[in-house]
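Visitor: I am new to this structure and would like a short tour. Could you take my questions one at a time?

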Amino acid sequence: MPPRLCSLCGTAKAIIKRPKTGTQVCKDCFFEVFETEVHNTIIENGGIFKRGDKVAIGASGGKDSTVLAHVMSTLNQRYDYGLDLFLLSIDEGITGYRDDSLETVKQNQIEYGLPLKILSYDELYGWTMDKIVSQIGKKNNCTFCGVFRRQALDRGAAQLGVSHIVTGHNADDIAETVLMNTLVTESEDTIKRSKPFKYAYEKEIVMYAYFKKLTYFSTECIYSPDAYRGHARVFLKDLEAIRPSAIIDIIHSGETFQLDEDVKSGMKALQNCLRCGYISSNDLCKACALLEGLEQGLDKSAIKTSQEGAGTAPTGQRTIPFYNRTAAKEEIAI
Amino acid sequence: MTTAVEQLNQVSPMPHGKTPAVEQISIRLEFGSQPKHQVSLPKRISQDESEAGDDKPVTVKYLIKWMKDNLLSERVEMFGDGDGVRPGILVLINDTDWELEGELDYQLQENDEVVFISTLHGG
């Protein structure tokens, strides 16, 4: 069987069937269309960046953020965005997992010549995930990690003085979020966030890393070995196998979703956390509430700690440093 | 904790097929960024692709069944799905997306290289 030729250039051997379009393309054309589509996501609707913006790339050492760091520095040069790029990593304090993946990020720092900032849960909250899991157990530890990471990214970005964070969330991630109906309908971030890979299929990100020989870290989190076995993820992959456009179709339905005015007016207004100043729809932000539970020595019930409370923490408890910023303006965080 | 795909790499190279008289071909397997793994498969297999035979050249379908039977110790369901691999595991044959090479029906040749990459963890 003669090699199948690229449907774009018509000369080189095709090496990938694109899930989004079903077309077969060669290696060089694949790199070009992948990068160009990310560029188009970046410039659509007037563009997500302004010249001179300082932008932090949320970097975990995993496939998505490794490819994002590579593509962002490539595009910044090619299209002269004029961005000042940084790598921002959060060290959750997971021995044997995050310490290894941070080595990958340090490698990226050297390869792309981007300044790297690492902010740890330990310095921010006084707790590592290792300590949290030893107190509360493995069940629900992802809730702590998720709340703490979101706020840590904002605070790390503020320390870097950046005005914008980009993350490696891909089309599959976003479709999964839409399916699980956990669209964040009101931003609890203080720094603008964007997802340049929101229309990029996971398959293409992995293939891009493979053909570019990018090194990334691919081990499951030791505290959540089954997280990727989630039903929504498996369901999506099955859907994609039958009809590859399903991913984009689901994202599109999420993007056209609008909140009714009645629902909006019924939602709690955003305020600042009485204790740490972070943005919150309650007296205490989620991180302060969770931290209070941990500091009280609660086990898994720490997760139920009330978001009502006073500005001053109970005596003897550690708190999060005060933070002074207002909410970023975005309504639906896709 | 390792994934099924990573476990594949932790077993020592398998002894050759049960019937040494069967003509073998040598295939390289690779899992993510792990070192390559050399295996021997019968050159020809039976019509139903379940065992060595003389009906047709060995296929990727046979390779995957052979891997499930011989290389995977546990969590086989994380790798296999029916005759194939689970959605979310990418397969490359000689650095080409297997979707362009006939997937399970691809007929393996001496020195072919088959790469399996899991997309399912690590963000």
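Guide: The following conversation goes through some features of chain A and then of chain B. Please keep in mind that this is a predicted model.

Visitor: Let us start with H7(A). How many of its residues are buried?

Guide: Seven of the nine residues of H7(A) are buried, so the helix is mostly covered. The buried ones are A:Ala171, A:Asp172, A:Asp173, A:Ile174, A:Ala175, A:Glu176 and A:Val178.

Visitor: What covers the buried residues of H7(A)?

Guide: The cover includes three helices of chain A: H8 (202-211), H9 (231-242) and H10 (246-255).

Visitor: And which residue with a positive phi follows H7(A)?

Guide: That is A:Asn181, with a phi near 60 degrees.

Visitor: Where is A:Thr190 found?

Guide: A:Thr190 lies in the loop that links helix H7 (171-179) to strand S7 (192-194) of chain A.

Visitor: Is A:Thr190 buried or exposed?

Guide: A:Thr190 counts as buried, because it has 20 C-beta neighbours inside 10 Å. In space, the C-alpha atoms of A:Thr190 and A:Asp154 are 6.5 Å apart, although 36 residues separate the two in sequence.

Visitor: You mentioned H8(A). At what angle do H2(A) and H8(A) pack?

Guide: Helix H2 (residues 63-78) of chain A packs against H8(A) at about 65 degrees, and the axes are 10 Å apart. Their crossing is left-handed.

Visitor: Which residues make the contact?

Guide: From H2(A) come A:Lys63, A:Asp64, A:Thr66 and A:Val67, and from H8(A) come A:Ile205, A:Val206, A:Tyr208 and A:Ala209. By class, five residues of this contact are nonpolar, one is polar and two are charged.

Visitor: Now to chain B. How many helices and strands are there?

Guide: Chain B has two helices and nine strands. Along the sequence, their pattern is α-β-β-β-β-α-β-β-β-β-β. Of the 123 residues in chain B, 32% are buried.

Visitor: In what order do the five strands of the open sheet in chain B come?

Guide: The order is S2-S1-S9-S7-S8, with mixed pairing. Strand S2 (37-42) and strand S8 (96-97) of chain B are at the edges; each has a single partner strand, so one side of each has no neighbour in the sheet.

Visitor: How many bridges join S7(B) to S8(B)?

Guide: Two bridges join strand S7 (residues 89-93) of chain B to S8(B), and these strands run antiparallel. B:Leu92 has B:Asp97 of S8(B) as its bridge partner.

Definitions and conventions:
Residues numbered from 1 in each chain as written. Chains lettered and ligands numbered in written order. Predicted model: local features only at pLDDT ≥ 70, side-chain atom pairs only at ≥ 80, totals over all residues. Helix = DSSP H or I, 4+ residues; strand = E, 2+ residues; numbered from the N terminus. Buried ≥ 20, exposed ≤ 12 C-beta atoms within 10 Å, placed from the backbone. Contact = placed C-beta atoms within 7 Å. Axes fitted to C-alpha atoms, helices over the stretch in contact; angles between N-to-C directions. Left-handed = near helix turned anticlockwise from the far one by under 90°. Nonpolar A, V, L, I, M, F, W, Y, C, P; charged D, E, K, R; others polar. Pairing = 2+ DSSP bridges.
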